[in-house]
Amino acid sequence: MLGENFEQQMEQLYAAFCEAFQGENFQMFTTPEAFKTLMGLVGTNSQGVATSVLAEWVKKVSDLPMPEADKAKLDEYIDDIYNKVSEFAGEFLNNEGSGLYLLQSKINHSCVPNAQSTFPYSNDIVVLKATRDIQPGEEICISYLDECQLERSRHSRQKILKENYIFVCNCPKCQLQSNDPDETSEDEDEDDMDMEDDYDDMDD
């Protein structure tokens, strides 16, 4: 899944894994094939452990009651902080590692999730929180995509899920958008730019 670019890192991780888990009880897990299987499970079923103090602060101040004008200024200030910090931390800003949770890893994905994984105690304890009322018998689903990815086109979402989780999403949102054009959000943006250029040419 990771490709040749990470071959050396995986070899180092495998050596460290074998050194840490020695003895007869762990022999079945320390073979090369077993290790690959384990890494596959972690890669497709793990949950990013997000306990960033900054993220907790942003959540708390964003929930404070305030006038719309102050709210707009606060949002602008928070965006500026994230932009500056992300220059160094990148997409791992709110991710301190990965954990493989027995029950949470069994929850399926939906592009219209009714729950989300949270870390309210600023440690590695994951808490599943409902985002809306869940009816009796309704499946509990979370999103494997972040908020920005969820807003992208069906084709873009499907592409990300296939590449990272090796499945095709058939959630209600994807079914509803099944007749949408098979183009990524980037293609859509390029089409919009081309249309704007055409309009500019017509104005000229």
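**Aromatic pairs, a nonpolar patch and cysteines**

In this predicted model, the count of aromatic pairs comes to six, where rings of Phe, Tyr and Trp (its six-membered ring) are taken to pair if their centres lie within 6.5 Å, and planes under 30 degrees apart count as stacked, over 60 as edge-to-face and the rest as tilted. One of these pairs joins Tyr-14 and Phe-35, whose ring centres are 4.9 Å apart and whose planes stand at 50°, so the pair is tilted. Because Tyr-14 lies in helix 1 and Phe-35 in helix 2, this pair ties together parts that are 21 residues apart in sequence; helices (H or I, at least four residues) and strands (E, at least two) are DSSP runs, numbered from the N terminus. Tyr-14 is partly exposed, at 23% relative accessibility, whereas Phe-35 is buried, with a relative accessible area of 4%; here buried means under 20% relative accessible area, exposed over 50%, and partly exposed in between (1.4 Å probe, protein chains only).

A further tilted pair is formed by Tyr-144 and Tyr-165, with ring centres 4.9 Å apart and planes at 50°. This pair links distant parts of the chain, since Tyr-144 is placed in the loop between strand 6 (141-142) and helix 5 (147-150) and Tyr-165 in helix 6 (residues 154-165), 21 residues apart. Tyr-144 is partly exposed, with a relative accessible area of 23%, and Tyr-165 is likewise partly exposed, at 24%.

Ring pairs also connect Tyr-14, Phe-17, Phe-21, Phe-26 and Phe-35 into a cluster. Phe-26 contributes, together with Phe-21, Met-28 and Phe-29, to a nonpolar surface patch of about 390 Å². Accessible areas come from the Shrake-Rupley method with a 1.4 Å probe, and for residues only the protein chains shown count as cover.

With a disulfide defined as a pair of cysteine sulfur atoms within 2.5 Å, the count comes to zero disulfides. The sulfur of Cys-174 is 3.7 Å from the closest cysteine sulfur, in Cys-169, which is too far for a bond. Cys-174 is buried, at 1% relative accessibility, while Cys-18 is partly exposed, with a relative accessible area of 22%.

Residues are numbered from 1 along each chain as its sequence is written, and side-chain values use heavy atoms, with hydrogens and water left out. Local features need pLDDT of at least 70 and side-chain atom pairs count only at pLDDT 80 or more, whereas totals for chains, interfaces and linings use all residues.

Note on methods: Patch = residues over 30% accessible without salt bridge, like charges linked within 9 Å, V, L, I, M, F, W, Y side chains within 5 Å. Salt bridge = Lys/Arg side-chain N within 4 Å of Asp/Glu carboxyl O.
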